[in-house]
Amino acid sequence: MKRKCDKCSRPATHHSVEIVKGEKIEKHLCDAHAAEEGLSLQAVHTPINELLTNFVKLHAGVESDDDTKTAGDLVCDQCGITFSDFRESSLLGCPHCYTTFEAPLGPLLERAHEGGTHHIGKVPRRAGVAEQRQAQLSRLRRRLDDAVEAEDYELAAQLRDELTTMEDPS
Amino acid sequence: MTPGRMVEQAGEWLRGSGPQSDIVISSRIRLARNLAGYPFVNRGSRRQHHDLLDACRKRIVDKRLAENILWVPIDDALPIDRQLLVERHLISRPFAAGKNNVPRGVAVGGDETFAIMVNEEDHLRIQVLRSGMQLTEAFDQINRIDNVLEESVDYAYSRRFGYLTACPTNVGTGIRVSVMVHLPALRLTGEIEKVKRAAQQMHLAVRGMFGEGSEAQGDLYQVSNQTTLGKTEQELLADFEHTVVPQIVAYEHQARQLLIKQRPHQLDDRIHRAWGTLTHARVLGTDEVLQLLSHVRLGVNLGRLETTDIRTVNELFLLTQPAHLQKITNEAMNPAARRVARAKMIRQRLGAR
């Protein structure tokens with residue numbers, strides 16, 4: 001069943017199918033001819049999650065590195081996680097983490113997303129007002145949590161009303 | 001309505017229709033979205049989880065995204081109902097298992113073309129699932145749902161990073177496009193590993209039927225994008241429509257023709273042995289069934305087996321799974337008992353004794 005190389009009688013190990021203007025172009029080549037054609041497989045691409053985990057682990061291991069150490073100590077003032085926490089779990093704690101950790105995250109994202117550094121896709125219709133509102137909503141919600149914790153139900157009710165009005169202007 | 005009512009039939013995505021459905025079983029798109037003002041699910045307090053869940057449930061139901069929306073509170077659901085939803089690809093495995101037992105739920109459209117998980121890894125995981133190669137249709141549908149939801153919630157979004165997600169591998173568009181493809185001939189000719197490597201070079205993930213970490217049972221593979229930042233939704237869809245899917249389909253067709261030309265007897269032997277086993281065996285495990293169904297499906301698609309049809313075969317891929325089997329027979333069974341019941345159900349559905 002093994003197909004032979006298009007250029008010699010050795011078994012073909014590299015196969016490619018390309019569609020160019022509706023025409024199917026197939027190539028079946030042995031290792032040597034594939035290398036000649038530049039078809040030989042380059043280093044196999046690592047799936048993103050693995051890349052991220054490895055990257056995060058790698059950097060977690062080099063605490064002596066000044067930059068990394070500083071980055072590891074960064075704390076998100078909204079949810080309280082550190083960059084080290086993120087390295088452990090691969091999960092950020094809240095939307096604000098993207099601002100807090102922007103510097104160390106940037107290169108990481110670039111590697112994980114084929115060099116992508118900025119979003120160029122869909123924009124929510126309400127994006128313009130969004131950023132300020134987002135911060136305000138977070139603040140209100142945290143105050144609400146504190147109020148409930150402190151059993152200050154009067155304040156909690158008031159904050160809840162504020163949140164409802166903000167979230168549902170209609 | 002309860003999940004139990006879904007059981008008798010396969011969902012829309014296994015109908016076996018739609019463009020290129022001999023190879024492309026289904027098209028799936030999901031969007032990861034989070035609400036501004038809350039921490040991500042992994043850092044939320046129990047109260048925040050409840051608040052968010054209630055708010056989202058109300059909005060999803062109020063917005064009348066579809067007729068007959070089914071809302072399932074997953075943390076209250078029976079394990080078998082959760083498993084049923086996993087088997088139908090309406091919720092993820094981690095969501096069913098529920099680390100830390102986060103309050104969570106899923107809204108399922110009446111026709112099962114869409115599902116919205118609330119409090120998964122992200123606040124909202126919206127997905128649309130359709131049969132055959134229908135990525136454009138799936139994208140139009142999910143984009144409409146996203147727009148409707150956006151009217152009443154503030155999504156966490158930044159100008160630089162786009163839609164903000166708990167795991168930065170999803171940040172940007174938050175979109176995952178995937179197709180489930182049936183590649184039995186590439187497996188038989190031993191070329192599947194090369195296809196996987198080629199896909200990985202294109203920054204695509206190749207997984208089994210049940211997603212992350214699952215083996216490709218029944219020669220069913222899910223191919224999906226990994227890059228979500230720095231690429232538009234349209235570019236990504238175009239990649240799938242004009243490059244990824246046509247190449248995989250062409251490759252599988254080529255392998256099928258090769259088998260017919262070079263090993264027709266061995267090919268027919270595989271197909272008919274599979275048919276023979278499915279219609280006569282008395283004890284069948286899931287893995288074996290999926291492999292046999294794969295060969296039968298290949299036989300039907302190539303016109304070399306005319307004793308059944310694609311829809312029946314597609315349905316069996318689903319109905320032979322543990323939760324479905326137990327729901328249909330209406331009996332809780334251990335694995336050994338299931339193997340017997342599975343063989344019996346298959347014989348019945350395939351018209352054998």
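A residue is called buried under 20% relative accessible area, exposed over 50%, and partly exposed in between, with a 1.4 Å probe and protein chains only. This is a predicted model, in which local features need pLDDT of at least 70 and side-chain atom pairs count only at pLDDT 80 or more, while totals for chains, interfaces and linings use all residues. Residues are numbered from 1 along each chain as its sequence is written, chains are lettered from A and ligands numbered from 1 in the order in which they are written, and side-chain values use heavy atoms, with hydrogens and water left out.

**Chain B as a whole**

Chain B contains 12 helices and 10 strands; helices (H or I, at least four residues) and strands (E, at least two) are DSSP runs numbered from the N terminus. Its radius of gyration is 21 Å, close to the 20 Å that the globule rule gives for 353 residues, so chain B is as compact as a globular protein of that length. The radius is taken over C-alpha atoms, and the rule is 2.2 Å times the number of residues to the power 0.38. Along the principal axes, the C-alpha atoms of chain B fill a box of roughly 65 × 45 × 30 Å.

Next, colour chain B by accessibility. Of its 353 residues, 63% are buried. A contact means heavy atoms within 4.5 Å; among the contacts in chain B with a separation of 6 or more, 71% are between residues 24 or more positions apart. The accessible surface, computed by the Shrake-Rupley method with a 1.4 Å probe and, for residues, with only the protein chains shown as cover, comes to about 13,200 Å² for chain B, and 47% of it belongs to carbon and sulfur atoms.

**Chain A as a whole**

Now select chain A. Eight helices and two strands make up its secondary structure, and along the sequence they follow the pattern β-β-α-α-α-α-α-α-α-α. Buried residues account for 37% of the 170 residues of chain A. Of the contacts in chain A between residues at least 6 apart in sequence, 29% join residues at least 24 apart. Chain A exposes about 10,000 Å², with 50% supplied by carbon and sulfur atoms.

**Aromatic pairs**

Show the aromatic side chains of both chains. How many aromatic pairs does the structure hold over all chains? There are five, where rings of Phe, Tyr and Trp (its six-membered ring) pair if their centres lie within 6.5 Å, with planes under 30 degrees apart counted as stacked, over 60 as edge-to-face and the rest as tilted.

Select Tyr98(A) and Phe161(B): their ring centres are 5.6 Å apart and their planes stand at 45°, so the pair is tilted. Tyr98(A) belongs to helix H5 (residues 97-100) of chain A and Phe161(B) to the loop between strand E6 (157-158) and strand E7 (162-163) of chain B, so the pair joins two chains. Both residues, Tyr98(A) and Phe161(B), are buried.

Move to Tyr155(B) and Tyr163(B), whose ring centres lie 6.0 Å apart with planes at 75°, so this pair is edge-to-face. Tyr155(B) sits in the loop between helix H4 (135-150) and E6 of chain B. With a relative accessible area of 4%, Tyr155(B) is buried. Leaving aside neighbours within four places in sequence, the contacts of Tyr155(B) include Gln134(A), Arg33(B), Leu124(B), Ile126(B), Asp146(B) and Tyr163(B).

In chain A, select Phe83(A), Phe86(A) and Phe101(A), which ring pairs link into a cluster.

**Three loop residues of chain B**

Most residues other than glycine have a negative phi. Select Asn101(B), which is not a glycine and has a positive phi of about 45°. Asn101(B) lies in the loop between helix H3 (93-97) and strand E3 (105-108) of chain B, and at 39% relative accessibility it counts as partly exposed.

Asn330(B), likewise not a glycine, has a positive phi of about 60°. Its loop runs between helix H11 (322-329) and helix H12 (335-349) of chain B. Is Asn330(B) buried or exposed? With a relative accessible area of 69%, Asn330(B) is exposed.

Finish at Gln226(B), in the loop between strand E10 (220-225) and helix H7 (233-262) of chain B. At 3% relative accessibility, Gln226(B) counts as buried. A line drawn from its C-alpha atom to that of Gln200(B), 26 residues apart along the chain, spans 9.6 Å.
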